[in-house]
Amino acid sequence: MDFAAYALGKPGAWPDEPWKGDRVAKVGDKIFAFLGSDSIGLKCGASREEADEWLHRYPDQASVMAYIGRHGWNTIELTGIPDEEIAEGIDLSYDLVVAKLPRSKRPT
């Protein structure tokens, strides 16, 4: 599955490169997915405890993201996890980020 295309197909999603060589998917002005070639960074829960579920299920493929991990962000390897679960992770990350946007910036 092309996870970058999947993420960028979400309502109001758009690509950005805030740092040289780092592609991300944004909604409004907020990142909801870090798009790597062999991994993806996602907000996997509203809290670190919720996001830890990925670490327990996939200890070899999921890890806490540097700097923003305490806010529920994980790095997810794109091999060893079913595509459907990664797609669900993208959906959750998108939904969590959209829910924090001001109503005026949420996609319709």
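A: Start with a definition: a residue is buried under 20% relative accessible area, exposed over 50%, and partly exposed in between (1.4 Å probe, protein chains only). Helices (H or I, at least four residues) and strands (E, at least two) are DSSP runs, numbered from the N terminus. This is a predicted model, in which local features need pLDDT of at least 70, side-chain atom pairs count only at pLDDT 80 or more, and totals for chains, interfaces and linings use all residues. Residues are numbered from 1 along each chain as its sequence is written, and side-chain values use heavy atoms, with hydrogens and water left out.

Q: Which residues are exposed on the face of α2 turned away from its buried side?

A: E49 and H56 are the exposed residues there.

Q: Which residues of α2 are buried?

A: An α-helix has 3.6 residues a turn, so residues three or four places apart point the same way. In α2 the buried residues are R48, A51, W54 and L55. They lie on the same side of α2 because they cover an arc of only 100° around the axis, the arc being that of the directions from the helix axis to the C-beta atoms.

Q: What covers the buried residues of α2?

A: Their cover includes β5, β6 and α3, where contact means heavy atoms within 4.5 Å.
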